[in-house]
Amino acid sequence: MTTHTEPLDSVLETVGETPLVRVSASPDAVPVYAKLESFNPGASVKDRIGKYMLEGMLADGDLEPDGTVIEPTAGNTGIGLAVAAGQLDVDAVFVVPERFSVEKQQLMRALDAEVVNTPTDEGMGGAIERAHELAEELDGGVVPQQFQNPLNAEAHYATTAPEVYEALDGAVGAIVAGTGTGGTLMGMAEYALERQPDTRIVAVQPEGSMYGAFFDEEPEEGEYKTEGIGTHDPATNELFDPDLVDDLVTVSDEAVHAEMQRLAAEEGQLVASSAAANSLAARRVAREIRDGETTVPHEAVVTVFCDSSERYLSKGVYRSFEEWEG
Ligand code: PMP
């Protein structure tokens with residue numbers, strides 16, 4: 001909780017209760033609000049599932065108190081799980097495809113976790129396979145598996161969404177979020193649709209990602225620099241339920257890169273590429289609502305700024321588009 005009004009016993013108590021801030025480039029009549037997830041102790045949205053999944057698995061007996069979690073992760077989930085594992089006396093091993101940011105891997109190691117790299121060309125599928133192999137080799141090894149663990153989406157149903165609804169007195173018209181595992185969007189969507197079935201739910205992905213396959217599209221697969229969202233293998237995205245989603249917005253790396261720089265220069269928001277993708281998509285949804293192209297029960301559009309650009313400075317996020325390594 002981002003509070004300064006009382007002393008806290010553990011850093012785990014600072015997970016969640018992040019600020020909700022207006023995106024000032026959004027239309028006056030249809031404001032976009034972003035949840036600033038870099039305020040979490042591991043500086044990303046994934047601290048929520050790190051804490052929620054480990055506490056849930058320990059409570060259910062799926063994880064022994066002195067057990068080991070082994071997770072395939074692009075990085076932020078590893079940091080979130082490592083923060084929680086350290087405080088809950090659980091060991092942690094992370095399997096990370098090589099191309100993901102070195103800062104994240106350094107942070108996981110600093111949090112006392114072990115990092116195992118898999119080849120970039122094997123993608124998340126290769127990392128998932130290796131994590132399961134390691135779990136079989138290790139005594140008390142468990143794979144939380146964020147791509148299929150219902151506790152992932154439940155963390156957002158139980159924390160992210162209620163925080164947003166409290167801040168906006170329930171007046172939420174649309175929820176727009178990039179989907180990696182889909183946990184953030186699914187958990188928030190479920191909460192929103194229970195309260196107001198007409199709430200518009202919009203998924204966001206980079207060009208080259210294959211989420212379109214869920215909507216009977218025939219997407220063209222390609223590489224993208226936007227990090228943390230999208231999929232190359234929709235079969236691994238077991239939490240994603242297209243029935244909850246009204247629209248899928250696809251954004252180009254070029255547009256994301258420009259928005260990341262605009263958010264810093266104009267709005268003081270030092271956020272990374274998935275946040276910029278969310279900002280672009282949420283602003284587009286807000287314009288559609290303003291122009292009467294979409295009808296929603298309330299004006300406000302809510303999105304998530306998943307993590308901070310500081311985590312990607314070594315990849316040149318603030319240099320030219322060509323110099324951005326992605
Ligand atoms: N942005 C970043 C930077 C992430 O690390 C992730 C998680 N992969 C996401 C967005 C997407 O979140 P989710 O897995 O809940 O869809």
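Is Glu-323 buried, partly exposed or exposed? Glu-323 counts as partly exposed, because its relative accessibility is 43%. Here buried means under 20% relative accessible area, exposed means over 50%, and partly exposed lies in between (1.4 Å probe, protein chains only).

This is a predicted model: local features need pLDDT of at least 70, side-chain atom pairs count only at pLDDT 80 or more, and totals for chains, interfaces and linings use all residues. Residues are numbered from 1 along each chain as its sequence is written, and side-chain values use heavy atoms, with hydrogens and water left out. Helices (H or I, at least four residues) and strands (E, at least two) are DSSP runs, numbered from the N terminus.

**Glu-323 and Lys-315**

- Glu-323 sits in the segment after β10.
- Lys-315 is also placed in the segment after β10 (301-305).
- Lys-315 is buried, because its relative accessible area is 7%.
- Contact means heavy atoms within 4.5 Å. Not counting residues up to four places away in sequence, Glu-323 touches Lys-315 and Gly-316.
- With that same exclusion, Lys-315 touches Arg-99, Phe-100, Ser-101, Glu-227, Glu-323, Trp-324, Glu-325 and Gly-326.
- Glu-323 and Met-186 are 137 residues apart in sequence. In space they are 34 Å apart, C-alpha to C-alpha.

**How helices pack**

- Two packed helices are described by the angle between their axes and the distance between the axes.
- Axes are lines fitted to C-alpha atoms, for helices over the stretch in contact, and angles run from 0 to 180 degrees between N-to-C directions.
- Angles under 35 degrees count as roughly parallel, over 145 as roughly antiparallel, 65 to 115 as roughly perpendicular, and the rest as oblique.
- A crossing is left-handed if the near helix is turned anticlockwise from the far one by less than a right angle, and right-handed if clockwise.
- For residue classes, Ala, Val, Leu, Ile, Met, Phe, Trp, Tyr, Cys and Pro count as nonpolar; Asp, Glu, Lys and Arg count as charged; the others, Gly among them, count as polar.

**α2 with α3**

- Helix α2 (residues 76-87) packs on helix α3 (residues 102-110) at an angle of about 15°, and their axes are 9 Å apart.
- The two helices are therefore roughly parallel to each other.
- α2 passes α3 in a left-handed crossing.
- Asn-76, Gly-78 and Ile-79 of α2 meet Lys-104, Leu-107 and Met-108 of α3.
- The residues of this contact divide into 3 nonpolar, 2 polar and 1 charged.

**α1 with α5**

- Helix α1 (residues 46-60) and α5 pack at about 120°, with axes 9 Å apart.
- α1 and α5 are therefore oblique to each other.
- Their crossing is right-handed.
- The contact includes Ile-49, Tyr-52 and Met-53 of α1, and Leu-151, Ala-155 and Thr-159 of α5.
- The residues of the contact divide into 7 nonpolar, 5 polar and 4 charged.

**α7 with α8**

- The axes of helix α7 (residues 253-267) and helix α8 (residues 273-290) come within 8 Å and cross at roughly 95°.
- That angle makes α7 roughly perpendicular to α8.
- Among the residues in contact are Val-256, Met-260 and Leu-263 of α7, and Ala-276, Ala-277 and Leu-280 of α8.
- By class, this contact has 7 nonpolar, 2 polar and 3 charged residues.

- Helix α6 (residues 183-195) has 13 residues. From first C-alpha to last, α6 reaches 19 Å, close to the 18 Å expected at 1.5 Å a residue. The expected span is 1.5 Å times one less than the number of residues.
- The buried residues of α6 include Leu-185, Met-186, Met-188 and Tyr-191.
- Their cover includes α5 (150-167), β7 (174-178), β8 and β10.
- In α3, the buried residues are Glu-103, Lys-104, Gln-105 and Met-108.
- Their cover includes α2, β4 (91-97) and β5 (114-118).

**Positive phi**

- Most residues other than glycine have a negative phi.
- Glu-17 is not a glycine, yet has a positive phi of about 55°. Glu-17 lies in the segment before β1 (20-23) and is partly exposed, at 40% relative accessible area.
- Asp-216 has a positive phi of about 60° and is not a glycine either. Asp-216 lies in the loop between β8 (200-206) and β9 (247-251). At 75% relative accessibility, Asp-216 counts as exposed.
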